[in-house]
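Subject: A structure to explore together

Hi there,

Here is the structure I promised to pass on to you. Please open it beside this email and follow along as you read.

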Amino acid sequence: MGKSILYVNACVRKDSRTKRLAEQLLIKLGKPYEEINLGNINFSSISEEYLNKRDELCSKGNYEDSMFGLARQFSEAEIIVIAAPFWDLSFPAKLKQYLEQINVVGITFKYSEEGVPVGLCRASKLFYVTTAGGYYVPEEYGFGYIKALAQNYYGIQNVQQITAIGLDIKGADVEEIMSKAKDNLSKIDLS
């Protein structure tokens, strides 16, 4: 059946340009994918009670509880596409909530005896798709956070950012910018 693709959609707007670009990438990948629309998920709040339950289950190696469903799904995917617009030097809050759900010791990573994270995810690649209205899109913020988690915790070394920026600058030709971003997909290593 080919590699399994997990599409994490953190786009809020119905006509999201980030979503359009991510969908172009998914077409280029040419394989079926499973989509998680984060806007449709009511995440549990991370409370002391929640953490105590999670820690107790993890200490027993009991990962069958539904609270670990998203983590298991993420860990088992072979390619991951995250679509998240660039907001306030980061990404929508729903993506942070999702990350809090999937960061589970024993599913997406473990610690070595020296206390160093060791990735447990199957994915060989993670694509981070984002768009921004302006040109100030420092890599170390939204994308940098995702890249650090992917490489240092999940064990996914091949992390690529796909962008279209300057979309809301007065006089910008949005369709031309989006077309160039789509054309740039041909330069991405998809193997």
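Which residues does Leu126 touch, not counting residues up to four places away in sequence? They are Phe74, Ile80, Ile82, Ile146, Ala150, Ile156, Asn158, Val159 and Gln160, where a contact means heavy atoms within 4.5 Å.

Before we go on, two notes on how to read this. This is a predicted model, in which local features need pLDDT of at least 70 and side-chain atom pairs count only at pLDDT 80 or more, while totals for chains, interfaces and linings use all residues. Residues are numbered from 1 along each chain as its sequence is written, and side-chain values use heavy atoms, with hydrogens and water left out.

**The cores**

Leu126 belongs to the largest nonpolar core, which has 37 residues; Phe74, Leu95, Tyr98, Leu126 and Ile156 are the members that touch the most others. A nonpolar core here is a set of buried Ala, Val, Leu, Ile, Met, Phe, Trp, Tyr and Cys residues joined through side-chain atoms within 4.5 Å. Buried means under 20% relative accessible area, exposed means over 50%, and partly exposed is in between (1.4 Å probe, protein chains only).

Two or more residues of this core come from each of strand E1 (5-9), helix H2 (48-59), helix H3 (69-76), strand E3 (79-83), helix H4 (93-102), strand E6 (125-131) and helix H5 (142-154). Helices (H or I, at least four residues) and strands (E, at least two) are DSSP runs, numbered from the N terminus. H5 contributes the most to the core, with five residues. There is also a second, separate core of 21 residues, and Tyr7, Val129, Leu167 and Met178 are among them.

**The sheet**

Now look for the strands. Five of them form an open sheet in the order E2-E1-E3-E6-E7, with parallel pairing. Strands of a sheet pair through backbone hydrogen bonds, either parallel or antiparallel. Two strands count as paired if DSSP finds at least two bridges between them. Strand E2 (33-37) and strand E7 (158-164) are at the edges with a single partner strand each, so one side of each has no neighbour in the sheet. On average, neighbouring strands are turned by 15 degrees against each other, direction ignored.

Inside the sheet, E3 and E6 pair in the parallel sense over five bridges, and Ile79 stands opposite Lys125 in E6. H1 packs on the sheet and touches E1, E2, E3, E6 and E7; its direction makes about 150 degrees with that of E6. H5 lies across E3, E6 and E7 and runs at about 165 degrees to E7. For these angles, axes are lines fitted to C-alpha atoms, for helices over the stretch in contact, and values run from 0 to 180 degrees between N-to-C directions.

Is Thr18 buried or exposed? Its relative accessibility is 0%, so Thr18 counts as buried. The side chain of Thr18 makes a polar contact with the side chain of Thr131 (2.5 Å). A polar contact is a pair of N or O atoms within 3.5 Å; within protein, one must be able to donate a hydrogen and the other to accept it, and residues adjacent in sequence count only if both atoms are side-chain atoms. Thr18 and Ala132 are 114 residues apart in sequence, with 8.5 Å between their C-alpha atoms.

Then find Asn9 in strand E1. Asn9 counts as buried because its relative accessibility is 1%. A polar atom of the Asn9 side chain lies 2.8 Å from the backbone nitrogen of Cys11.

**Aromatic pairs**

The whole structure holds eight aromatic pairs. Rings of Phe, Tyr and Trp (its six-membered ring) pair if their centres lie within 6.5 Å; planes under 30 degrees apart are stacked, over 60 edge-to-face, and the rest tilted. One of the pairs is Phe91 with Tyr145, which is tilted, at 5.9 Å centre to centre and 45 degrees between the planes. This pair links distant parts of the chain, since Phe91 is in the loop between E3 and H4 and Tyr145 is in helix H5, 54 residues apart. Phe109 and Tyr111 form an edge-to-face pair, at 5.3 Å and 90 degrees. Finally, Phe74, Tyr98 and Tyr154 form one aromatic cluster.

Enjoy exploring!
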